[in-house]
Amino acid sequence: MLRLTPPGFERLLQSPQLLATFGGGEANVAVSLAQFNLKSRFITVLPPANAIADAFIAELRRFGVDPGRIVRGPGRMGIYFVEAGANQRPSKVLYDREHSAIALAKPGSIDWNAALADVTWFHITGITPAISATAAELALEALRMARNKGIRISCDLNYRKNLWKWGKAAGEVMPELVKLADVCIANEEDCQKCINVHVDIDVESGSLEREKYRELCERVLATYPNLKLLAITLRESKNASHNGWSACLYDRKDFLLSRRYEITHIVDRVGGGDSFAAGLIYGLIQLGSHREALEFAVAASCLKHSIPGDFNRFTVEEVQALLKGGGSGRVQR
């Protein structure tokens, strides 16, 4: 998508200018994985003969993401507007995705057999099926093909209430996708709204009852026996600028809680969950244990909160430096 943002922490159109960048759930993960030196491919449908779409493809290439299987089809470029929150004022997102090329795409629009050639891991978010009924059908088609090819699948539930407007609720659609996944990534609201698993957790107090997350993990994995592991991000929102950040992981054997980071000045939280997903995927592929994968993912997403824009621009070495205790912010000379 094209992302349009007011300068700094201004309200939308407080001044007559908007900063244009690119982003979107799966694209953010692809870019982050490329920064971690993993081969990464982004698959979508974009409008033909469109300068903005061309610029997006060029941006993917600049980050080392393979755009070679992107399809051009009818429609326009999706747009979203982000107004960054600060202190007690929350961030706000406005979506403009109706009649975009991916919203109009339907099963058969992408040759998944070719698009998934040589792929070992496929990642999707709940944002794509939220866009339209046909996009949801296309997402299900993709996961079925990936499953038939023996590709490992991760699904970040990413519930977006402002997108689920096309007729079915998330809880009617997402379970069918999750049943095809190996790894699920979520927060507590995602589990409630997308896969109909409920545990009474208070997310408004700014302090989380971590023992309840084990119960939530156990219920999700009991409901979806196909899942090999579930990772849940734990965001303690003191206000829009100050969050506690950690995560937990349950792999049907061990329940793991990560180190907790106190983020006292959030520059941009959009894309934080995607950077967590990318870090987890990297860790599960490259690192030696689920504990290491979880800690890498949380550290990567912690760093993402320090830069504007959707994309995470940190290397493996920079994430590892934070893991080793380099979180003081001292100048590196």
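Predicted model: local features only at pLDDT ≥ 70, side-chain atom pairs only at ≥ 80, totals over all residues.
Helices here are DSSP runs of H or I with at least four residues, and strands are runs of E with at least two, numbered from the N terminus. Residues are numbered from 1 along each chain as its sequence is written, and side-chain values use heavy atoms, with hydrogens and water left out.

- Let us start with S7 (residues 121–125), which pairs with S8 in the parallel sense over five bridges; strands count as paired if DSSP finds at least two bridges between them.
- Within that pairing, Trp121 has Arg152 of S8 as its bridge partner.
- S8 (residues 152–156) has four of its five residues buried, so it is largely enclosed by the rest of the structure; buried means under 20% relative accessible area, exposed over 50%, and partly exposed in between, using a 1.4 Å probe and protein chains only.
- S8 is also joined to strand S9 (residues 183–186) by three bridges, and these two run parallel, with Ser154 partnered by Val183 of S9.
- S9 and S10 run parallel too, joined by four bridges, and here Val183 stands opposite Leu229.
- S10 and S11 (residues 242–250) pair in the antiparallel sense over nine bridges, and a hairpin of two residues joins them.
- Nine of the 11 residues of S10 are buried, so this strand is largely enclosed by the rest of the structure.

**Two residues of S10**

- Arg235 sits in S10 (residues 229–239) and stands opposite Trp245 in S11.
- Arg235 is buried yet has no salt bridge, and the nearest side chain of opposite charge, Glu188, is 8.1 Å away.
- The Arg235 side chain does make polar contacts with the side chains of Asn243, at 2.7 Å, and His305, at 3.1 Å.
- A polar contact is a pair of N or O atoms within 3.5 Å; within protein, one must be able to donate a hydrogen and the other to accept it, and residues adjacent in sequence count only if both atoms are side-chain atoms.
- Thr233 also belongs to S10, and its 12% relative accessibility makes it buried.
- Setting aside neighbours within four places in sequence, Thr233 is in contact (heavy atoms within 4.5 Å) with residues including Glu188, Trp245 and Phe276.

**Nonpolar cores**

- The largest nonpolar core has 58 residues, and Trp112, Phe122 and Leu157 are among those with the most contacts inside it; such a core is a set of buried Ala, Val, Leu, Ile, Met, Phe, Trp, Tyr and Cys residues joined through side-chain atoms within 4.5 Å.
- Helix H6 (residues 133–148) gives the largest share of this core, eight residues.
- Apart from it lies another core, of 37 residues, with Ala278 and Phe296 among them.

- Most residues other than glycine have a negative phi.
- Asn158, not a glycine, has a positive phi of about 45 degrees and is buried at 8% relative accessibility.
- Asn196, also not a glycine, has a positive phi of about 60 degrees and is partly exposed at 46%.

Note on methods
Lys, Arg positive; Asp, Glu negative; His and termini not counted. Salt bridge = Lys/Arg side-chain N within 4 Å of Asp/Glu carboxyl O.
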